[in-house]
Amino acid sequence: MPALIEVQLTELAQLFNSMDPSPFHERDLDHDAEEFIVSWAQEHPRDDDLHLVIHLTKPPAEAVKVQESVQHYFAYRSEILWREFRLLMKEGRLTLLIGLTFMAACEFAALVLLKGEPTWKAVSREGLTILGWVAMWRPLEIYLYRWWPLFSKRRLYERLARMNVEIKVTK
């Protein structure tokens, strides 16, 4: 059985961003509506199909392809997240290259300072080693932590882009 997300609205126009001049089926969802739908979708297990039920107190003025509109919106959001993910991986590769180059330069400078053991040389050597590892902070942050929330949210948006949408008019 699909995981149910229910939204109570007065009229269908509340679901969409009224400032968006696009045709109705290409409009962005209202920010609050999107946040509500996404937060409820996150509550359901990842393997469950999703089903959105929109309860309206006023019948829609015109026949609108709501399912197509909602699916189009979340497919678009998924594509945006995929682009962000690709840009993040590109940034990760660049920062990794810079970080490794800088770290190698710091380690080389530390080796040069290795000759002799005055205190200032030992402190400088350790400082350069630490500085080299600090240069690796950003690529490690990207590759260890930053990518998976984007990837996870993209999968959620892909699920939302496949969800069935049903409209029920209640009095």
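This is a predicted model: local features need pLDDT of at least 70, side-chain atom pairs count only at pLDDT 80 or more; totals for chains, interfaces and linings use all residues.
Let me begin inside helix H4, where Arg154 and Glu158 are four residues apart and therefore separated by about one helical turn; helices here are DSSP runs of H or I with at least four residues, and strands are runs of E with at least two, numbered from the N terminus. Residues are numbered from 1 along each chain as its sequence is written, and side-chain values use heavy atoms, with hydrogens and water left out.

The side chains of Arg154 and Glu158 meet in a salt bridge at 3.1 Å, N to O, the term requiring a side-chain nitrogen of Lys or Arg within 4 Å of a carboxyl oxygen of Asp or Glu. Arg154 counts as buried because its relative accessibility is 18%, whereas Glu158, at 27%, is partly exposed; the cut-offs are under 20% for buried and over 50% for exposed, with partly exposed in between, using a 1.4 Å probe and protein chains only.

The backbone oxygen of Asp48, however, lies 2.9 Å from a polar atom of the Arg159 side chain. Leaving out residues up to four places away in sequence, Arg159 touches Ala41, His44, Pro45, Arg46, Asp48 and Leu50, contact meaning heavy atoms within 4.5 Å. Of these, Leu50 lies in strand S2 and, at 4% relative accessibility, counts as buried.

Turning to the helix as a whole, H4 covers residues 137–162, and its end C-alpha atoms are 38 Å apart, which agrees with the 38 Å that its 26 residues should span at 1.5 Å a residue; that expected span is 1.5 Å times one less than the number of residues.

Finally, Glu91 forms a salt bridge with Arg138, with the closest N and O atoms 2.5 Å apart. This pair links distant parts of the chain, Glu91 in helix H2 and Arg138 in helix H4, 47 residues apart, and Glu91, Arg138 and Glu141 are linked in a network of salt bridges.

How values were computed: A polar contact is a pair of N or O atoms within 3.5 Å; within protein, one must be able to donate a hydrogen and the other to accept it, and residues adjacent in sequence count only if both atoms are side-chain atoms.
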